[in-house]
Amino acid sequence: MNLSRRGLLAAGGLAGAGALTPALGPSAAAAPRGTRTGFEVLAEDGYRLLAGRTVGLVTNPTGVTRDLRHLVDVLHAEPRVRLTAVFGPEHGFRGTAQAGGSEGRSTDPATGLPVYDTYLKSGQALADVFTASGVDTVVFDIQDAGARFYTYIWTLYDCMEAAALAGKRFVVLDRPNPLGGRDAYGPVLHEEFASFVGREPIAQQHGMTVAELARLFNGEFLAKPVRLETVLMRGWRRTDFFDASGLPWVPPSPNMPTPDTALVYPGTCLFEGTTLSEGRGTTRPFELLGAKGIDARWAAEANALGLPGVRFREAYFAPSFSKFTGETIGGVQVHVTDRERFEPVRTGIGLLVTAKKVWPDFAWREDLAIDRLSGSTTVRTMVDAGAGTDAITAAWAAELARFRRTRRKYLLYR
């Protein structure tokens, strides 16, 4: 049964790549306060989409039910589903590894299921993993953070590409974008800077859910589209921040402890490309930024920009790992005062501009990671040239407008 986009939005349920199937039960308009995830919609439908299939699940610690049971445990115990494999991304299926690590190949002690490592695998190498697992359907359920350089959306991309190569069916169970989905913001990746923190030209703050991204990837970027089906949420609106969902927040990675972290991350993660600390090794990663020799002048200069919805406090901290381990350093803490007006990417640029102005030792990492994070040389070269926040953010206006037009074709919620 084909539905128009309006019909799909009213149904708010199961959606395939072509024909879109309405979910059973009440519509999003009639839903109680809060959001029901794609998994909840799938379960309410009696797991019909997985009937008769041999299933592998790509997930991590965020793949939980509302009452905090892991989906692997739930599906393993469910007689209507044949779950035979688990696939773990960066940080691992159970989340024990730090940034840049994974848990490797293992057996899950709770269920006895084989756990395959997807981290740093793509293309035919990852397709071979799916083939070796014996599954015919790959299901993806991981909480995203809403920024282009958060690697789980590229795990999604790589798994879709590999599933297409291996001839597997691919199902995405949707979850909220914690920043909402009002619009897209920031620079768009230039293809020559593609990496695992950005495979394809999307905006730094993409404003999409993982199901919407999956449809975008399939429709715009994958050379061989996968047999894609998406299970949409009920009750989620594009204006919602994460707390409106009523869902529990499980840190999707060790340095994303709260939804507050996710709110600032699309901007302040740019500091990973500098020699300043981005707050790793503190209780407020990406909200605390600093380095040796920085004092109160940075907070004063940043506040003088008058950026909407945010203030900056002079702060001193000693990271327990990563940059400046065990050293007391100075910097700022980012305090969001009005999240409706707050602009994460613009704020990140303003902080880079003012840090360079007040700290004579300001430098980029030698590997120029800033270019991969921002998606081009624009941010780095303009900051180095002394450009202001307005000039830098204006530099990507045309590419952002193009992405926004493309993005609109794949939005699935009001």
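## A salt-bridge tour

Start by selecting D243: at 53% relative accessibility, this residue counts as exposed. Here, exposed means over 50% relative accessible area, buried means under 20%, and partly exposed is anything in between, using a 1.4 Å probe and protein chains only.

Before you click on, remember that this is a predicted model, where local features need pLDDT of at least 70 and side-chain atom pairs count only at pLDDT 80 or more, while totals for chains, interfaces and linings use all residues. Residues are numbered from 1 along each chain as its sequence is written, and side-chain values use heavy atoms, with hydrogens and water left out.

**Stop 1: R339 and D243.** Which residue does R339 form a salt bridge with? Its partner is D243, and the closest N and O atoms are 3.1 Å apart. R339 sits in the loop between β13 (329-336) and α9 (344-358), and D243 in the loop between β10 (227-231) and α7 (259-268), so the pair ties together parts 96 residues apart in sequence. A salt bridge here is a side-chain nitrogen of Lys or Arg within 4 Å of a carboxyl oxygen of Asp or Glu. Helices (H or I, at least four residues) and strands (E, at least two) are DSSP runs, numbered from the N terminus. R339 itself is partly exposed, at 35% relative accessibility.

**Stop 2: E278 and K323.** Now jump to E278, which forms a salt bridge with K323, the closest N and O atoms being 3.0 Å apart. E278 is in the loop between α7 and β11 (288-291), and K323 is in the loop between β12 (310-317) and β13, so this pair links parts that are 45 residues apart in sequence. Is E278 buried or exposed? With a relative accessible area of 4%, E278 is buried.

**Stop 3: D295 and R297.** Select these two and look for their salt bridge, 3.0 Å from N to O. D295 is partly exposed at 30% relative accessibility, and R297 is partly exposed at 47%. Then go back to E278 and show E272, R280 and K323 too: salt bridges that share partners join these four into one network.

**Zoom out.** Across the model, the count comes to 28 salt bridges. The protein chain carries 13 helices and 13 strands, and buried residues make up 60% of its 414 residues. Count contacts (heavy atoms within 4.5 Å) with a separation of 6 or more, and residues 24 or more positions apart account for 73% of them.
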